[in-house]
Amino acid sequence: SNGSGAMNISQTAATGPALNITSSGAGNTAPAVNVNTSSSTGFSGKFTGGTGLSTDKFQMTNGAVGGGVMISTNAAGDAQWAPAVNFAVNAGSTSAGSGSSTIIAFTNLAYANPAGTITAGTFTVPTNGMYHFDGAVAVNIGTPLTGAQDLTLQIMVNGGTYRETTVRLPNGYAGPVQLDISVDAILATGQTVRLQLGHNTGQALGMIGGGPGAAENYFNGHLVR
């Protein structure tokens, strides 16, 4: 043992590994190499140079391990578990009145991780990061329009418009209309995200589709990174 390391292995040949360890005992489940650095405050292992570390399997056992979670890094570059964040709701039953924007209160929850992050169509961001959202709303124009009219679907962040899509309907139009929207957004913990529908058709527009799983009306989102 010395100040430069307890053991040093040097490879000067052009080919072949500097150290080759083989564990071939039948039924042996113990690691081929076990490094215990409980008395050290540094890294258990460090790899530098070359093109990086290559392995056919990687397992990180610190922290809360669970299916569907991701590995992220903190400000120091240390790997850590990031819980899965995603949700899907559909089958909104809101009637959108004319002259104002109406929050779409989706009635069927498909899933939400973590639980409780979306209520009455409003998603509350549980952790900082970049998120992706998809939404769609289908309504029925029951009375033929008087003049051309716009329908606007908005993704709202903290009550303000973040992204919107608009469709213009011609004079005399009556029938179904569907609007779709997608967006990526960098959000902070505690911010809220929801869909709103605005129009000035002079009539209340009922959402069409209906039952759980309805493809016409939905709002989905997930943490990207």
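Confidence here is pLDDT, the predictor's own score for each residue, from 0 to 100. Strands are DSSP runs of E, at least two residues long, numbered from the N terminus. I'm working on a predicted model, where local features need pLDDT of at least 70 and side-chain atom pairs count only at 80 or more, while totals for chains, interfaces and linings use all residues. Numbering runs from 1 along each chain as its sequence is written, and side-chain values use heavy atoms, with hydrogens and water left out.

Confidence. I got an average pLDDT of 81 for the protein, with 75% of the residues at 70 or above.

Core. I looked for nonpolar cores, meaning buried Ala, Val, Leu, Ile, Met, Phe, Trp, Tyr and Cys joined through side-chain atoms within 4.5 Å; buried is under 20% relative accessible area with a 1.4 Å probe, protein chains only. The largest one holds 34 residues, and Phe123, Phe133, Val193, Leu195 and Phe219 have the most contacts inside it. Elements giving it two or more residues include β3 (86-92), β9 (129-141) and β13 (192-199). β12 supplies the largest share, six residues.

Thr201. I found this one in the loop between β13 and β14. Is Thr201 buried or exposed? Buried, because its relative accessible area is 13%. Its side chain makes a polar contact (N or O atoms within 3.5 Å, one able to donate a hydrogen and the other to accept it; sequence neighbours count only if both atoms are side-chain atoms) of 2.8 Å with the side chain of His199.

Definitions and conventions. Buried means under 20% relative accessible area, exposed over 50%, partly exposed in between (1.4 Å probe, protein chains only). Helices (H or I, at least four residues) and strands (E, at least two) are DSSP runs, numbered from the N terminus.
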